Amino acid sequence: MANTSNKEILYGVYDDEEDLLGAVKQANKDHLDIWDVFTPFPVHGLDPELGLAESRLHIAGFVYGAIGTLTAFLFMTWVFTRDWPMIFGGKPYWSVPAFIPITFEVTVLFASIGMVVSFYIVNAQGPGIQPPVLDDRITDDKFVIAFDADNSSQEQKDGWNSFFKNTGASEVITKVLPA
Amino acid sequence: MSAAVSPIREPLINGSKTYHQITEDILAPTERAPSPPWVVGFIIAVTFLALYVFCLGWTIFYGIGSWDLNRTINWGWDITNFVWWVGIGHAGTLISAILLLFRQKWRTGVNRAAEAMTIFAVVCAGQFPLIHMGRIWMAFFIFPYPNTRGPLWVNFNSPLLWDVFAISTYLTVSLLFWYTGLVPDFATVRDRAKGIRKKIYSLLSFGWTGSAKHWQRWEALSLVLAGLATPLVLSVHTIVSFDFATSVIPGWHTTIFPPYFVAGAIFSGFAMVLTLMLVARKLFKLEDYITLAHIESMNKVILVTGTIVGVAYLTELFVAWYSGYLPEQWAFYNRVFGPYYWSYIGMMSCNVLSPQIFWSRKMRRNIVVTFVLSIFINIGMWFERFVIIATTLARDYLPSSWSYYSPTWVEIGLFAGTIGLFFTLFLIFARVAPVIAVAEVKSILKSAGDQYTGPNAKHDHKHGGIEVRKESDTTGVISGN
């Protein structure tokens, strides 16, 4: 039976983001299936090499914002034209210009909260969540390319090892992560 | 980002840092026992915080009759302090959002602390309208919640209610923006910590791993939040100015108020950032990350906004004269020559005249001058709000109602107390979180580190010199050897 509780990861450690970028390109050429890449800061130019599609967070943000706009504007409209019409300063009940500031603020509020919440949900992150850390130095100064070594053959592992050696990795480590 | 960096551009990180050295330097204050200056500062701050709590209790117990407000001058130090603190709270989001959109790399050295300052300043600001209500336990009345009185709704046409929405949105969005930036750095602290600290930072870092997909989303989120925060930050002080501008009080009822308030807010915010950062860089030995180049950039912003504010002061006077409207002319005559003439002088000299020395590059790069001037501006901007609020109200339409106002000890205590609150929060922040955005500084190292750019660049370095000056240059990378 396959091991379902633990995950075996074979990863190479690079000291510089340019070595990492070169290695990722080489991995693409060699048709190696990278499990994940970890870096201490966002490395530009990495996403297309890894084949990561553009994040759709901004689309979600637009939708949340539009919900905010409608919520604020329709609510104020309902209050001042249906629920409790009142005249302020001789203006019409439905005084649209006066609704603009609050509509704007609520739009920004909804978009921001919605996006941040979505961000943590799609990342599976949040307070109290602590996935096993692959290597303590990733958040400091090391750049890591990781392969999923579960059920991999010795041949595959040898291939990864020589790939790391050829692309200038300073260390190659195998680690079993608790699920 | 694909902007090529000019070789004559000044480096923003000095000392030929490596990535590891950056981590060590910036995290050091969070990992060692507090230094004596920090402890002394903290004790002073907490003392003032205690004063605040005392005066707050006094105000709530005896009511706002313990202040010297009267029927003519019904806004005094309370609203002055509110506007002052909100203004200070503008620099953080300006630095982190607007400068992010403009791709200004120098923001990475100061954005974290400036955002923290923003949040703490808005917290201080929020106190004043709340206590000013008199019955603070009724403060929830300002929110449109379903109630048994009809339901009776709040007045959505009122600038005071717009303010409620603006300030609370601003506080929320600033907090989200700030915390999202902090998460990867908390992970850095977590991975170096042991024992109970590791547990705490595990909780704070939300399980950040540094995965490429997470970084991609993180950047997308930061960019859109910056795009949202940019109009937001401009809207907040605009709406604060509407509190005055939509009234029919001569001296307040002017269309120049929104841009004038926003420029003033950026001006005072940068002054407070400089006050804090000049101390922090010394105290936490961060001179390599908050360099003279950073200070000079901020001083340029101060010069520009200070001059805009000066132009606004003069425009107000001109328009009052040009309007041919007597009450308006009188309001401004009274502002300059009336019973509060001393606050007008304070405002003009601190805000308009003193920043003009920043036309000199030598002065912009002088730390002592910058520090003294930042204090001047903080004072001057407080005077500005006092001038607008108190002098205008003191001489209203009916000479029989004219009045004079000076604060009671309770009001002074409340103001001094919020400064204590502000510094208490800031000093705690500086101990528990990296005061500089570690990951963001690392991301500009190759384009702004002094070993790669500027006069000390080492052109024979493996990855250094001319070849890697383009940040997203993916064609010229060295593919192993």
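This is a predicted model: local features need pLDDT of at least 70, side-chain atom pairs count only at pLDDT 80 or more; totals for chains, interfaces and linings use all residues.
Hi everyone, let me start with one residue: A:Ala124 has 12 C-beta neighbours inside 10 Å, so A:Ala124 counts as exposed. This alanine lies in the loop between H4 and E3 of chain A.

How does the model score? The ipTM is 0.92 and the pTM is 0.90. Chain A has a mean pLDDT of 88, with 97% of its residues at 70 or more. Within chain A, confidence is highest in H4(A), at 95, and lowest in strand E4 (residues 171-178), at a mean of 85. Chain B averages 87, and 93% of the residues score at least 70. One stretch of chain B to treat separately is residues 460-481, where the pLDDT is below 50. Beyond near neighbours in sequence, that stretch still has 50 contacts in the model.

Now, the place where the two chains meet. Chain A brings 65 residues to the contact and chain B brings 58 residues. On the chain A side, the elements giving two or more residues are helix H1 (17-29), strand E2 (36-38), helix H2 (46-50), helix H3 (57-83) and helix H4 (96-122). Which of them gives the largest share? That is H4(A), with 17 residues. By type, the chain A side divides into 36 nonpolar, 19 polar and ten charged residues.

Staying with chain A for a moment, look at A:Ser153, in the loop between strand E3 (143-148) and helix H5 (154-166). Is A:Ser153 buried or exposed? A:Ser153 is exposed, because it has 9 other C-beta atoms within 10 Å, and the cut-off for exposed is 12 or fewer. A:Pro132 is 21 residues away along the chain, and the two C-alpha atoms are separated by 24 Å.

Over to chain B, and to the inside. The largest nonpolar core has 179 residues, and B:Met117, B:Phe270 and B:Val273 touch the most other members. Leaving out residues up to four places away in sequence, B:Met117 touches B:Gly92, B:Met272, B:Val273, B:Leu276 and B:Phe426. As background, nonpolar side chains tend to be buried together in soluble globular proteins.

In general, an α-helix has 3.6 residues a turn, so residues three or four places apart point the same way.

Two backbone details in chain B to finish. A cis peptide bond joins B:Gly150 and B:Pro151, with omega about 0°. B:Pro151 sits in the loop between helix H5 (107-132) and helix H6 (159-192) of chain B. The other is B:Ser16, with a positive phi of about 45° although it is not a glycine. B:Ser16 is in the segment before helix H1 (19-31) of chain B, and it is partly exposed, with 17 other C-beta atoms within 10 Å.

Note on methods. Residues are numbered from 1 along each chain as its sequence is written. Chains are lettered from A and ligands numbered from 1 in the order in which they are written. Two residues are in contact if their C-beta atoms, placed from the backbone, lie within 7 Å. Helices (H or I, at least four residues) and strands (E, at least two) are DSSP runs, numbered from the N terminus. Ala, Val, Leu, Ile, Met, Phe, Trp, Tyr, Cys and Pro count as nonpolar, Asp, Glu, Lys and Arg as charged, and the others, Gly among them, as polar. pLDDT is the predictor's confidence in each residue, from 0 to 100. A nonpolar core is a set of buried Ala, Val, Leu, Ile, Met, Phe, Trp, Tyr and Cys residues joined through C-beta atoms within 7 Å. A residue is buried if 20 or more other C-beta atoms lie within 10 Å of its own, exposed if 12 or fewer, and partly exposed in between; C-beta atoms are placed from the backbone.
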